[in-house]
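I opened a new model today and kept notes as I went. Here they are, in order.

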Amino acid sequence: MANDGDPIAEHLRAALDGPWRDVREQARVHLDDARLYGDPYLDYKAARTRVLEQMHLVSSFGWAERGFREVEGGTGDPGGAVTALEMLAYTDLSLWVKCGVQWGLFGGAVENLGTERHRRYIEALLPLELLGCFAMTETGHGSDVANLETTATYDPATEEFIVHSPTPSARKDYIGGAAEHARMAAVFAQLVTGGESQGVHCFLVPIRDAEGKDLPGVTTSDDGLKGGLPGVDNGRILFDQVRIPRENLLNRYADVEPDGTYKSEIANPSRRFFTTLGTLVRGRVSVGGAAAAAARVALSIAVRYAEQRRQFADPDTGVETVLMDYRSHQRRLLPLVARAYALQFAQNDLVQRMHLVQTGQATEESAQRALEKRAAGFKVAQTRHATQAIQECREACGGAGYLTENRLVTLKADSDVFTTFEGDNLVLTQLVAKDLLTAYSDEVRDLDAMGWVRFAATMARDAVREASGVRQLIQRLRDRGDDGVDDQDLSRRSVQLQLFADREDYLVRTAGHRLQARAKDTGPFEAFNNAQDHILAAGTAHIDRLVLEAFIEGIAGIEDEAARELAGSVCDLYVYKTIEENQAWFIMHRFMSVERAKMVRRGVNELVDRLRPHALTLIEGLGVPEKMLHAAMLNGAGDAPVPS
C-alpha cells in the first residue's frame with residue numbers, strides 16, 4: 001500500500017533528513033541496488049566474502065572520503081560521511097559494520113590520533129588497498145579501557161615497540177576484521193618506556209601478510225558464529241613479543257623519542273587518556289545512528305503490513321478489519337514511530353555538533369566534552385529503541401514477521417549487539433550521569449574514587465540546569481511560573497519540557513545527596529555502588545530531556561504548516577508515552593497526581609487515534625523508500641479476501 005507524492009510526507013522527510021539532506025537523497029539512489037542487500041541463505045563464510053565485495057562497491061561512492069581531511073585525500077565533511085554510511089543500515093547491517101570498522105574506527109584512529117608520518121596509511125585504507133581493524137577490547141577488559149593489559153614496551157636499542165599479550169585475558173577479542181580480512185590493527189596498549197607505564201596509547205601493528213597468513217608473533221582466531229552480523233569476521237588476536245617501528249605509535253598527543261624519552265603536550269595522564277578517546281567519538285555517533293536507521297526499516301515494514309493485513313470481521317459490516325485499525329496495534333506501533341522521529345531529530349543535532357567540532361569550527365573544550373556526553377546518551381537511547389522497536393514490529397507481524405524473507409528477524413539479530421559495542425549501555429548511562437553530577441568540572445577527571453564522590457556530593461545545586469541551557473529554552477516557550485504540572489495544560493510544550501527537566505533536576509540532586517550521606521559511613525566504592533540505580537535513573541532522565549529539546553527544535557524548522565502541526569502531535573505522543581512509562585515515579589515523587597496520570601493514559605489513546613489516519617504519511621516521512629524494504633509480505637500476500 002503506497003501513498004506516493006504525499007506533500008506532507010515530503011516535508012516531514014526533508015526535516016528528518018536534516019542538514020545533509022542532499023547526502024541522504026543521493027544515498028537512496030546509490031542503495032537502490034540488489035547487490036548491496038544481504039543474502040540470509042549464505043553461510044557465514046560466504047556472507048563475509050559477499051560483504052567484502054560490497055565494500056568495494058561502496059568505496060566507489062565517495063562516502064568514505066568525506067570523513068577525512070583534504071590534506072589526507074578526503075573532502076573534509078565528517079557529518080556527511082556519518083550520514084551517508086548510516087544509510088547502509090537500510091540494506092545490510094553487516095555491510096554497515098564492516099565499512100564502519102574500516103573507515104570509521106581503523107581509519108578514524110589513524111586520522112585523529114596519527115600525524116603526517118601516518119598519511120600513507122590513509123591513502124591506502126581509503127580505496128581498500130589496506131584492510132584494517134580496531135583492536136581495543138580485550139577478553140578481560142571491554143568498557144574499562146584504562147586498564148587494558150596489552151603492553152607496548154619501547155626498546156631504545158632497536159627503536160622499536162614490543163607489543164605483547166601478557167595474560168590470556170589480554171587477548172584482543174570480538175574485533176571486526178580480525179578473523180579473516182584485516183592486514184593491520186590499530187592496537188590500544190599500555191605504553192611502557194624506561195620501565196614506566198604512560199597509560200593506554202594506540203599503535204599500528206601489522207597482523208597478516210599479503211596471502212592472509214599470520215605474521216610472526218601474531219596469532220589470530222575466529223570468534224565463529226554469532227547471534228547476528230554473519231558478514232562480519234569478528235576474531236581474536238594474541239601478540240607474542242611482536243616488534244614494530246617506533247613510528248607506528250600514533251603520536252598526535254604523545255610521542256617517544258629515539259632514546260626512549262616520553263613527551264606529551266598534555267601533562268596530565270588522565271586528561272591525555274580522555275582526550276585520546278574523545279577524538280574517536282564518531283564511532284559512537286555512528287552506532288546510534290545506524291541502530292535508529294534499522295528501527296526505521298522495521299517500523300516501515302510493520303506499519304505498512306498493518307495497513308494491508310486483515311484479521312477478524314467487523315460484526316456490523318462483515319468486513320475484516322485491518323490491523324492498524326485496532327487500538328492495541330496503534331498503541332504498540334505509533335508511539336515507537338513517535339520515538340523514531342524524536343531520535344532522528346536528536347541524531348541530526350548530534351551529527352551537526354560533531355561536524356563543527358571535528359572541522360575545527362567549535363574549538364572550545366566544553367564543546368568536545370558536551371559532544372562526548374551527548375553521543376553517549378543518544379547511543380543509549382537509539383540502541384535501546386532499536387531493540388524494543390524491532391522486537392515489537394516482529395510480534396506485530398505475527399508469523400509473517402518470523403520469516404526471514406520479511407527481514408525483521410535479521411534486523412533483530414544484527415542490531416542486538418549495538419547495545420554493547422562502542423560502549424555498554426549501562427556504562428554509558430553511568431558516564432552521562434557522572435558528568436551531570438560533576439557539572440562538567442575539569443577537576444573531576446583527575447580525582448580518585450573518593451575525591452569524585454566528595455565532589456559530586458557537594459556540587460552546586462542548580463549547576464546542571466544553569467549550564468545546560470534548558471532554562472533558556474523553557475523561557476523562550478513561556479515565562480516560567482511556579483505552579484505545578486497539575487495546574488497547567490500538559491499539551492503545552494513548555495509544560496512538557498518543564499516536567500522532563502524537573503524530573504532530571506530532582507534525580508541528579510538527590511543522587512548527589514545520597515552519595516554524600518553514604519560516603520560518611522563507608523568507602524567510595526560502596527557509596528557509589530549503593531547509589532548506582534539512582535545514578536542510572538538520573539542519566540536516563542537527562543537523555544530523555546535532551547531528546548525532547550531536539551524534537552522541539554526540529555519541529556520549529558518545519559516550514560509547511562500542516563506538516564509542522566502533524567509533527568507537533570507526534571511530539572505530544574512521544575512526551576505522553578514517556579510520561580506514561582514513568583508515571584509511577586512521577587506519582588511517587590508528587591510531580592503528578594493520580595488523576596493527572598490517568599489523563600496521561602487517556603491522552604496516549606487520543607493521540608494514537610488522532611494519528612491513525614496519518615500512519616502511512618508518518619512512515620513515508622521516516623525516509624525509507626518502500627522499494628528498499630525488501631519484505632516479501634508487503635507484496636500483498638498478507639491480504640485477506642474482503643467480502644463483497
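These entries cover a sheet, a helix and an arginine.

**Ground rules.** I am working with a predicted model, where local features need pLDDT of at least 70, side-chain atom pairs count only at pLDDT 80 or more, and totals for chains, interfaces and linings use all residues. Residues are numbered from 1 along each chain as its sequence is written, and side-chain values use heavy atoms, leaving out hydrogens and water.

**Sheet.** I looked up the strand order and found an open, antiparallel sheet of three strands, S4-S8-S7. Strands here are DSSP runs of E with at least two residues, helices are runs of H or I with at least four, and both are numbered from the N terminus. Two strands pair if DSSP finds at least two bridges between them. Strand S4 (172-176) and strand S7 (218-222) are the edges, each pairing on one side only. S7 and S8 (residues 234-239) share five bridges. I noted Ser-221 opposite Arg-236 in S8.

**Helix H6.** I next checked residues 93-113, helix H6, and found a kink of about 40° centred on Val-101. The bend is the angle between axes fitted to the seven residues ending at a residue and the seven starting there. Of the 21 residues in H6, 20 are buried (under 20% relative accessible area, 1.4 Å probe, protein chains only).

**Arg-331.** Where does Arg-331 sit? I found Arg-331 in helix H10 (residues 327-358). Arg-331 counts as buried because its relative accessibility is 18%. Its contacts (heavy atoms within 4.5 Å) include Lys-577, Glu-580 and Val-604. The Arg-331 side chain also reaches the backbone oxygen of Arg-601 at 3.3 Å.

Key
Buried < 20%, exposed > 50% of the residue type's maximum accessible area, 1.4 Å probe, protein only. Polar contact = N/O pair within 3.5 Å; in protein donor to acceptor, adjacent residues only side chain to side chain. Lists of a residue's contacts leave out its neighbours within four places in sequence.
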